[in-house]
Amino acid sequence: MSHTHITTSPITVLGAGSYGSALAIAFSRNGYPTYLWGHDPLHCERLSTERQNRQFLPDIAFPESLNIEPDLGKAIQSARDLLIVVPSHVFGEIIAKIKPHLRPEHRIVWATKGLERDTGRLLQEVVEEQLGNRYPLAVLSGPTFAKELAAGLPTAIALASHNEQFALELQARIHCSKHFRVYINNDMLGVQLGGAIKNVIAIGAGISDGMGFGANARTALITRGIAEITRLGVALGANPNTFMGMSGLGDLVLTCTDNQSRNRRFGMMLGQGITAQTAMDNIGQVVEGYHNTREAYLLAQRYGIEMPITEQIYQVLFCGKNAKEAAVALLGREKKEE
Ligand SMILES: NC(=O)C1=CN([C@@H]2O[C@H](COP(=O)(O)OP(=O)(O)OC[C@H]3O[C@@H](n4cnc5c(N)ncnc54)[C@H](O)[C@@H]3O)[C@@H](O)[C@H]2O)C=CC1
Ligand SMILES: O=C(CO)COP(=O)(O)O
(Lines give C-alpha, C1' and ligand atoms only; values in the text may rest on other atoms or scores of the structure.)
(Ligands and ions follow the chains in the order given, each with its own letter.)
Protein backbone atom coordinates (compact mmCIF):
# COMPACT_ATOMS: atom_id res chain seq x y z
CA MET A 1 0.00 0.00 0.00
CA SER A 2 2.04 2.94 -1.15
CA HIS A 3 0.88 6.38 -0.05
CA THR A 4 3.19 8.20 -2.43
CA HIS A 5 2.82 10.96 -5.02
CA ILE A 6 1.14 13.44 -2.66
CA THR A 7 1.65 16.38 -4.98
CA THR A 8 -1.94 17.55 -5.30
CA SER A 9 -4.99 17.41 -3.07
CA PRO A 10 -5.96 13.77 -2.55
CA ILE A 11 -9.46 12.27 -2.42
CA THR A 12 -10.78 9.24 -0.59
CA VAL A 13 -13.50 7.13 -2.18
CA LEU A 14 -15.61 5.06 0.22
CA GLY A 15 -17.28 2.12 -1.53
CA ALA A 16 -15.43 -0.20 -3.89
CA GLY A 17 -18.26 -1.48 -6.08
CA SER A 18 -18.40 -0.77 -9.79
CA TYR A 19 -19.07 2.95 -9.52
CA GLY A 20 -16.76 3.72 -6.59
CA SER A 21 -13.96 1.95 -8.44
CA ALA A 22 -14.73 3.80 -11.69
CA LEU A 23 -14.74 7.21 -9.99
CA ALA A 24 -11.52 6.37 -8.13
CA ILE A 25 -9.93 5.44 -11.47
CA ALA A 26 -11.16 8.74 -13.00
CA PHE A 27 -9.74 10.87 -10.17
CA SER A 28 -6.40 9.06 -10.08
CA ARG A 29 -6.13 9.16 -13.85
CA ASN A 30 -6.43 12.94 -13.58
CA GLY A 31 -3.33 12.84 -11.39
CA TYR A 32 -4.89 13.11 -7.94
CA PRO A 33 -3.73 10.71 -5.24
CA THR A 34 -6.79 8.59 -4.56
CA TYR A 35 -7.58 6.22 -1.70
CA LEU A 36 -10.24 3.59 -2.28
CA TRP A 37 -11.85 1.88 0.72
CA GLY A 38 -14.20 -1.09 0.53
CA HIS A 39 -16.00 -2.74 3.45
CA ASP A 40 -14.92 -6.27 2.50
CA PRO A 41 -11.23 -6.90 3.39
CA LEU A 42 -10.97 -9.84 0.97
CA HIS A 43 -12.28 -7.70 -1.90
CA CYS A 44 -9.74 -4.98 -0.97
CA GLU A 45 -6.97 -7.55 -0.93
CA ARG A 46 -7.93 -8.66 -4.45
CA LEU A 47 -8.10 -5.06 -5.70
CA SER A 48 -4.68 -4.46 -4.21
CA THR A 49 -2.96 -7.50 -5.67
CA GLU A 50 -4.69 -7.53 -9.07
CA ARG A 51 -4.59 -3.72 -9.51
CA GLN A 52 -8.00 -3.84 -11.18
CA ASN A 53 -11.62 -4.49 -10.17
CA ARG A 54 -11.85 -7.79 -12.02
CA GLN A 55 -15.41 -8.46 -10.86
CA PHE A 56 -16.98 -5.22 -12.08
CA LEU A 57 -14.47 -3.49 -14.39
CA PRO A 58 -12.32 -6.24 -15.90
CA ASP A 59 -9.12 -5.29 -17.71
CA ILE A 60 -9.11 -1.66 -16.60
CA ALA A 61 -5.78 -1.21 -14.84
CA PHE A 62 -5.65 0.99 -11.75
CA PRO A 63 -3.46 4.08 -12.29
CA GLU A 64 -0.39 4.23 -10.08
CA SER A 65 -1.82 6.97 -7.86
CA LEU A 66 -4.82 4.80 -6.86
CA ASN A 67 -4.20 3.29 -3.42
CA ILE A 68 -6.41 0.61 -1.91
CA GLU A 69 -6.92 1.31 1.80
CA PRO A 70 -8.83 -1.38 3.74
CA ASP A 71 -8.68 0.58 7.02
CA LEU A 72 -11.56 3.06 7.20
CA GLY A 73 -9.85 5.35 9.72
CA LYS A 74 -6.67 5.56 7.64
CA ALA A 75 -8.69 6.08 4.45
CA ILE A 76 -10.48 9.04 6.05
CA GLN A 77 -7.26 10.55 7.40
CA SER A 78 -5.63 10.29 3.95
CA ALA A 79 -7.70 13.06 2.38
CA ARG A 80 -9.75 16.11 3.24
CA ASP A 81 -12.39 15.25 0.65
CA LEU A 82 -14.47 12.09 1.05
CA LEU A 83 -16.53 10.70 -1.83
CA ILE A 84 -19.16 8.19 -0.72
CA VAL A 85 -20.29 5.65 -3.33
CA VAL A 86 -22.06 2.90 -1.39
CA PRO A 87 -25.59 1.71 -2.20
CA SER A 88 -28.38 3.79 -0.60
CA HIS A 89 -29.47 1.06 1.82
CA VAL A 90 -26.12 1.27 3.67
CA PHE A 91 -25.59 5.03 3.27
CA GLY A 92 -26.73 5.91 6.82
CA GLU A 93 -24.58 3.10 8.22
CA ILE A 94 -21.49 4.51 6.46
CA ILE A 95 -22.15 8.05 7.72
CA ALA A 96 -22.33 6.65 11.27
CA LYS A 97 -19.06 4.76 10.71
CA ILE A 98 -17.13 7.74 9.36
CA LYS A 99 -18.40 10.17 12.02
CA PRO A 100 -15.84 9.33 14.75
CA HIS A 101 -12.95 9.74 12.27
CA LEU A 102 -13.91 13.15 10.89
CA ARG A 103 -11.79 16.26 11.43
CA PRO A 104 -13.23 19.80 11.15
CA GLU A 105 -11.65 20.35 7.70
CA HIS A 106 -13.30 17.34 6.03
CA ARG A 107 -15.70 17.83 3.12
CA ILE A 108 -18.20 15.23 1.95
CA VAL A 109 -19.56 14.44 -1.50
CA TRP A 110 -21.64 11.42 -2.49
CA ALA A 111 -22.52 9.70 -5.75
CA THR A 112 -25.03 7.28 -4.24
CA LYS A 113 -28.37 7.46 -6.03
CA GLY A 114 -31.40 6.85 -3.92
CA LEU A 115 -33.55 7.71 -0.94
CA GLU A 116 -33.01 6.36 2.55
CA ARG A 117 -34.40 2.84 2.95
CA ASP A 118 -37.82 2.79 4.68
CA THR A 119 -38.02 6.52 5.44
CA GLY A 120 -37.73 7.93 1.88
CA ARG A 121 -35.58 10.78 3.19
CA LEU A 122 -33.04 12.47 0.94
CA LEU A 123 -29.47 11.34 1.65
CA GLN A 124 -28.62 14.96 2.49
CA GLU A 125 -31.08 14.76 5.39
CA VAL A 126 -29.39 11.58 6.56
CA VAL A 127 -25.99 13.33 6.53
CA GLU A 128 -27.26 16.47 8.25
CA GLU A 129 -29.12 14.55 10.92
CA GLN A 130 -25.98 12.63 11.87
CA LEU A 131 -23.27 15.22 11.25
CA GLY A 132 -25.06 18.57 11.58
CA ASN A 133 -24.29 21.46 9.23
CA ARG A 134 -20.58 21.86 9.84
CA TYR A 135 -19.17 19.99 6.79
CA PRO A 136 -19.36 21.29 3.22
CA LEU A 137 -21.53 18.86 1.22
CA ALA A 138 -21.96 18.07 -2.46
CA VAL A 139 -23.68 15.48 -4.61
CA LEU A 140 -22.58 13.99 -7.95
CA SER A 141 -25.21 12.55 -10.26
CA GLY A 142 -25.76 12.07 -13.97
CA PRO A 143 -25.67 9.69 -16.93
CA THR A 144 -22.51 7.77 -16.06
CA PHE A 145 -22.32 4.02 -16.50
CA ALA A 146 -19.33 2.86 -14.47
CA LYS A 147 -17.84 0.76 -17.26
CA GLU A 148 -17.84 3.58 -19.81
CA LEU A 149 -16.43 6.06 -17.32
CA ALA A 150 -13.67 3.65 -16.31
CA ALA A 151 -12.90 2.93 -19.97
CA GLY A 152 -12.30 6.65 -20.48
CA LEU A 153 -15.25 7.13 -22.84
CA PRO A 154 -16.69 10.66 -22.98
CA THR A 155 -18.96 11.31 -19.99
CA ALA A 156 -20.71 14.31 -18.44
CA ILE A 157 -22.13 14.65 -14.94
CA ALA A 158 -23.81 17.19 -12.64
CA LEU A 159 -22.32 18.30 -9.33
CA ALA A 160 -24.51 20.20 -6.88
CA SER A 161 -23.39 21.98 -3.74
CA HIS A 162 -24.39 24.98 -1.65
CA ASN A 163 -20.68 25.58 -1.06
CA GLU A 164 -19.32 27.20 -4.21
CA GLN A 165 -15.67 26.79 -3.27
CA PHE A 166 -16.09 23.05 -2.73
CA ALA A 167 -18.03 22.69 -5.99
CA LEU A 168 -15.40 24.58 -7.99
CA GLU A 169 -12.53 22.59 -6.52
CA LEU A 170 -14.24 19.28 -7.21
CA GLN A 171 -15.17 20.40 -10.70
CA ALA A 172 -11.56 21.34 -11.43
CA ARG A 173 -10.37 17.92 -10.34
CA ILE A 174 -12.91 15.95 -12.35
CA HIS A 175 -13.15 18.21 -15.34
CA CYS A 176 -9.47 18.45 -16.11
CA SER A 177 -9.40 15.24 -18.11
CA LYS A 178 -10.35 15.27 -21.76
CA HIS A 179 -13.26 12.87 -21.44
CA PHE A 180 -15.08 13.79 -18.22
CA ARG A 181 -17.11 17.01 -18.04
CA VAL A 182 -18.81 18.27 -14.92
CA TYR A 183 -21.58 20.86 -14.80
CA ILE A 184 -22.12 22.54 -11.43
CA ASN A 185 -25.27 23.94 -9.88
CA ASN A 186 -26.57 24.65 -6.38
CA ASP A 187 -29.75 22.55 -6.50
CA MET A 188 -28.78 19.66 -4.24
CA LEU A 189 -32.41 18.70 -3.78
CA GLY A 190 -33.16 18.45 -7.50
CA VAL A 191 -29.95 16.60 -8.32
CA GLN A 192 -30.63 14.04 -5.59
CA LEU A 193 -34.25 13.51 -6.64
CA GLY A 194 -33.35 13.16 -10.32
CA GLY A 195 -30.79 10.46 -9.55
CA ALA A 196 -33.08 8.57 -7.20
CA ILE A 197 -36.31 8.50 -9.16
CA LYS A 198 -34.96 7.84 -12.64
CA ASN A 199 -34.18 4.34 -11.38
CA VAL A 200 -37.88 3.77 -10.70
CA ILE A 201 -38.91 4.94 -14.17
CA ALA A 202 -36.13 2.79 -15.71
CA ILE A 203 -37.72 -0.27 -14.12
CA GLY A 204 -40.95 0.79 -15.85
CA ALA A 205 -39.21 1.18 -19.21
CA GLY A 206 -37.67 -2.25 -18.71
CA ILE A 207 -41.03 -3.81 -17.88
CA SER A 208 -42.50 -2.22 -21.00
CA ASP A 209 -39.72 -3.58 -23.23
CA GLY A 210 -39.80 -6.96 -21.49
CA MET A 211 -43.48 -7.21 -22.35
CA GLY A 212 -42.68 -6.53 -25.98
CA PHE A 213 -44.05 -3.00 -26.11
CA GLY A 214 -42.18 -0.85 -28.55
CA ALA A 215 -40.26 2.38 -28.85
CA ASN A 216 -43.45 4.47 -28.63
CA ALA A 217 -44.30 3.13 -25.17
CA ARG A 218 -40.71 3.45 -23.90
CA THR A 219 -40.52 7.05 -25.07
CA ALA A 220 -43.90 7.91 -23.58
CA LEU A 221 -42.68 6.54 -20.23
CA ILE A 222 -39.51 8.63 -20.41
CA THR A 223 -41.45 11.78 -21.29
CA ARG A 224 -44.18 11.33 -18.69
CA GLY A 225 -41.53 10.08 -16.27
CA ILE A 226 -39.61 13.34 -16.37
CA ALA A 227 -42.94 15.16 -15.92
CA GLU A 228 -43.69 13.33 -12.70
CA ILE A 229 -40.14 13.63 -11.35
CA THR A 230 -40.31 17.38 -12.01
CA ARG A 231 -43.73 17.65 -10.36
CA LEU A 232 -42.42 16.04 -7.19
CA GLY A 233 -39.20 18.05 -7.27
CA VAL A 234 -40.94 21.40 -7.68
CA ALA A 235 -43.34 20.57 -4.84
CA LEU A 236 -40.34 19.89 -2.60
CA GLY A 237 -38.60 23.12 -3.64
CA ALA A 238 -36.22 22.04 -6.43
CA ASN A 239 -35.48 24.13 -9.51
CA PRO A 240 -37.46 22.73 -12.48
CA ASN A 241 -34.48 23.40 -14.81
CA THR A 242 -32.43 20.85 -12.90
CA PHE A 243 -34.64 18.08 -14.30
CA MET A 244 -33.72 19.05 -17.86
CA GLY A 245 -30.06 18.55 -16.99
CA MET A 246 -27.65 15.68 -16.48
CA SER A 247 -29.25 14.39 -13.29
CA GLY A 248 -32.77 14.59 -14.72
CA LEU A 249 -33.47 13.94 -18.37
CA GLY A 250 -29.85 12.89 -19.01
CA ASP A 251 -29.76 10.04 -16.54
CA LEU A 252 -33.37 9.09 -17.23
CA VAL A 253 -32.75 8.61 -20.95
CA LEU A 254 -29.52 6.69 -20.32
CA THR A 255 -31.05 4.34 -17.80
CA CYS A 256 -34.32 3.77 -19.65
CA THR A 257 -32.70 3.01 -23.00
CA ASP A 258 -29.47 1.07 -22.49
CA ASN A 259 -29.11 -2.48 -21.26
CA GLN A 260 -26.07 -1.61 -19.18
CA SER A 261 -28.64 -0.32 -16.68
CA ARG A 262 -29.38 -2.82 -13.95
CA ASN A 263 -32.71 -1.16 -13.18
CA ARG A 264 -33.78 -1.47 -16.80
CA ARG A 265 -32.62 -5.09 -17.02
CA PHE A 266 -34.45 -5.85 -13.76
CA GLY A 267 -37.65 -4.40 -15.25
CA MET A 268 -37.18 -6.34 -18.49
CA MET A 269 -37.03 -9.59 -16.56
CA LEU A 270 -40.17 -8.68 -14.63
CA GLY A 271 -41.88 -7.92 -17.94
CA GLN A 272 -40.90 -11.40 -19.13
CA GLY A 273 -42.57 -12.95 -16.09
CA ILE A 274 -39.44 -13.59 -13.99
CA THR A 275 -39.85 -12.95 -10.24
CA ALA A 276 -38.21 -9.94 -8.59
CA GLN A 277 -35.93 -12.10 -6.44
CA THR A 278 -34.73 -14.22 -9.38
CA ALA A 279 -34.16 -11.08 -11.45
CA MET A 280 -32.09 -9.51 -8.69
CA ASP A 281 -30.07 -12.69 -8.13
CA ASN A 282 -29.44 -12.82 -11.85
CA ILE A 283 -28.12 -9.23 -11.92
CA GLY A 284 -25.93 -9.79 -8.86
CA GLN A 285 -25.39 -6.08 -8.24
CA VAL A 286 -27.36 -3.34 -6.58
CA VAL A 287 -30.77 -2.54 -8.18
CA GLU A 288 -31.43 0.76 -6.43
CA GLY A 289 -34.87 1.29 -7.95
CA TYR A 290 -36.38 -1.82 -6.38
CA HIS A 291 -36.68 -0.52 -2.80
CA ASN A 292 -36.58 3.08 -3.96
CA THR A 293 -39.88 2.58 -5.78
CA ARG A 294 -41.52 2.19 -2.39
CA GLU A 295 -39.66 5.15 -0.92
CA ALA A 296 -40.51 7.36 -3.93
CA TYR A 297 -44.14 6.30 -3.77
CA LEU A 298 -44.33 7.07 -0.03
CA LEU A 299 -42.62 10.43 -0.56
CA ALA A 300 -45.15 11.34 -3.26
CA GLN A 301 -48.01 10.27 -1.00
CA ARG A 302 -46.62 12.33 1.86
CA TYR A 303 -46.64 15.47 -0.31
CA GLY A 304 -49.87 14.61 -2.14
CA ILE A 305 -48.13 14.52 -5.55
CA GLU A 306 -49.57 12.55 -8.43
CA MET A 307 -46.94 10.09 -9.76
CA PRO A 308 -48.92 7.57 -11.81
CA ILE A 309 -45.95 5.67 -13.29
CA THR A 310 -44.24 5.33 -9.92
CA GLU A 311 -47.54 4.24 -8.39
CA GLN A 312 -48.09 1.49 -10.97
CA ILE A 313 -44.54 0.19 -10.59
CA TYR A 314 -45.02 0.21 -6.82
CA GLN A 315 -48.14 -1.91 -7.26
CA VAL A 316 -46.32 -4.36 -9.53
CA LEU A 317 -43.35 -4.70 -7.15
CA PHE A 318 -45.11 -4.66 -3.79
CA CYS A 319 -48.84 -5.31 -4.26
CA GLY A 320 -48.83 -8.30 -6.62
CA LYS A 321 -50.31 -6.44 -9.61
CA ASN A 322 -49.26 -7.92 -12.91
CA ALA A 323 -47.42 -5.79 -15.45
CA LYS A 324 -50.17 -5.96 -18.06
CA GLU A 325 -52.75 -4.61 -15.59
CA ALA A 326 -50.35 -1.79 -14.71
CA ALA A 327 -49.96 -0.86 -18.38
CA VAL A 328 -53.73 -0.89 -18.85
CA ALA A 329 -54.15 1.28 -15.75
CA LEU A 330 -51.69 3.84 -17.14
CA LEU A 331 -53.26 3.89 -20.60
CA GLY A 332 -56.75 4.01 -19.16
CA ARG A 333 -56.22 7.13 -17.06
CA GLU A 334 -58.57 9.99 -17.72
CA LYS A 335 -57.82 12.20 -20.70
CA LYS A 336 -55.68 15.21 -19.83
CA GLU A 337 -53.68 18.08 -21.27
CA GLU A 338 -49.95 17.79 -21.67
N1 LIG B 1 -22.61 1.38 -11.50
C2 LIG B 1 -22.95 2.49 -12.11
O3 LIG B 1 -22.86 2.59 -13.34
C4 LIG B 1 -23.45 3.66 -11.31
C5 LIG B 1 -23.82 3.53 -9.99
N6 LIG B 1 -24.27 4.62 -9.30
C7 LIG B 1 -24.68 4.53 -7.90
O8 LIG B 1 -23.57 4.19 -7.09
C9 LIG B 1 -24.02 3.49 -5.91
C10 LIG B 1 -23.18 2.24 -5.75
O11 LIG B 1 -23.48 1.40 -6.85
P12 LIG B 1 -22.46 0.40 -7.54
O13 LIG B 1 -21.05 0.73 -7.22
O14 LIG B 1 -22.85 0.34 -8.94
O15 LIG B 1 -22.87 -0.95 -6.81
P16 LIG B 1 -22.28 -2.40 -6.99
O17 LIG B 1 -23.41 -3.35 -6.92
O18 LIG B 1 -21.35 -2.47 -8.14
O19 LIG B 1 -21.41 -2.56 -5.68
C20 LIG B 1 -21.99 -2.32 -4.44
C21 LIG B 1 -20.87 -2.18 -3.49
O22 LIG B 1 -21.37 -1.79 -2.22
C23 LIG B 1 -20.64 -2.46 -1.26
N24 LIG B 1 -21.34 -2.61 -0.02
C25 LIG B 1 -22.34 -3.47 0.25
N26 LIG B 1 -22.66 -3.37 1.56
C27 LIG B 1 -21.83 -2.44 2.10
C28 LIG B 1 -21.67 -1.93 3.40
N29 LIG B 1 -22.41 -2.34 4.41
N30 LIG B 1 -20.74 -0.98 3.59
C31 LIG B 1 -19.98 -0.54 2.57
N32 LIG B 1 -20.08 -1.01 1.33
C33 LIG B 1 -21.00 -1.95 1.10
C34 LIG B 1 -20.39 -3.83 -1.89
O35 LIG B 1 -19.28 -4.42 -1.34
C36 LIG B 1 -20.12 -3.50 -3.32
O37 LIG B 1 -18.76 -3.32 -3.51
C38 LIG B 1 -25.52 3.23 -6.14
O39 LIG B 1 -26.26 4.16 -5.41
C40 LIG B 1 -25.70 3.43 -7.64
O41 LIG B 1 -27.01 3.86 -7.97
C42 LIG B 1 -24.34 5.85 -9.88
C43 LIG B 1 -23.97 6.02 -11.19
C44 LIG B 1 -23.50 4.94 -12.00
O1 LIG C 1 -27.06 5.35 -12.51
C2 LIG C 1 -26.58 4.73 -13.44
C3 LIG C 1 -26.05 5.39 -14.64
O4 LIG C 1 -26.05 6.78 -14.54
C5 LIG C 1 -26.53 3.27 -13.39
O6 LIG C 1 -27.80 2.78 -13.57
P7 LIG C 1 -28.20 1.34 -13.02
O8 LIG C 1 -28.03 1.40 -11.52
O9 LIG C 1 -29.60 1.13 -13.46
O10 LIG C 1 -27.24 0.35 -13.62
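This is a predicted model: local features need pLDDT of at least 70, side-chain atom pairs count only at pLDDT 80 or more; totals for chains, interfaces and linings use all residues.
Tyr135 sits in the loop that links α5 (123-131) and β6 (137-141). Setting aside neighbours within four places in sequence, Tyr135 is in contact with His106, Arg107 and Ile108. His106 is 29 residues away from Tyr135 along the chain, yet the C-alpha atoms of the two are separated by 6.5 Å.

## The eight-stranded sheet

β6 takes its place in an open sheet of 8 strands, where the order is β3-β2-β1-β4-β5-β6-β7-β8 and the pairing is mixed. The edges belong to β3 (66-68) and β8; each has a single partner strand, so one side of each is left without a neighbour in the sheet. On average, and ignoring direction, neighbouring strands of this sheet are turned by 25 degrees against each other.

For a closer look at one pair, follow β1 (residues 11-14) and β2 (residues 34-37), which run parallel and are joined by 4 bridges. Here Ile11 stands opposite Thr34 in β2. Helix α1 lies across β1, β2, β3, β4 (81-84) and β8. Relative to β2, α1 runs at about 170 degrees.

The domain assignment divides the protein into domain 1 (11-186) and domain 2 (197-332). Their C-alpha centres lie 25 Å apart. To the contact between them, domain 1 contributes 19 residues and domain 2 contributes 18 residues.

Which elements give two or more residues to the side of domain 1 that touches domain 2? They are β7 (155-161) and β8 (180-185). β7 gives the most to this side, with 3 residues. By class, the side of domain 1 that touches domain 2 holds 8 nonpolar, 8 polar and 3 charged residues.

## Around ligand 1

Now to the ligands. Ligand 1 has 27 residues around it, and those that come nearest are Gly17, Ser18, Tyr19, His39 and Gln285.

The shell around ligand 1 is made up of 12 nonpolar, 11 polar and 4 charged residues. Why does ligand 1 lie between the two domains? Domain 1 (11-186) and domain 2 (197-332) both give residues to its shell, so ligand 1 lies between them.

## Around ligand 2

Ligand 2 is surrounded by 13 residues, of which Thr144, Asp251, Ser261, Arg262 and Asn263 are the closest. Three helices, α8 (188-210), α10 (246-257) and α11 (262-271), are the elements that give two or more residues to this shell. α10 provides the largest share, 3 residues.

Domain 1 (11-186) and domain 2 (197-332) each supply at least three residues to the shell around ligand 2.

Methods
Residues are numbered from 1 along each chain as its sequence is written. Chains are lettered from A and ligands numbered from 1 in the order in which they are written. A residue is near a molecule or strand if its C-beta atom, placed from the backbone, lies within 6 Å of it. Ala, Val, Leu, Ile, Met, Phe, Trp, Tyr, Cys and Pro count as nonpolar, Asp, Glu, Lys and Arg as charged, and the others, Gly among them, as polar. Domain bounds come from an automatic or database domain assignment. Two residues are in contact if their C-beta atoms, placed from the backbone, lie within 7 Å. Two strands pair if DSSP finds at least two bridges between them. Axes are lines fitted to C-alpha atoms, for helices over the stretch in contact, and angles run from 0 to 180 degrees between N-to-C directions.
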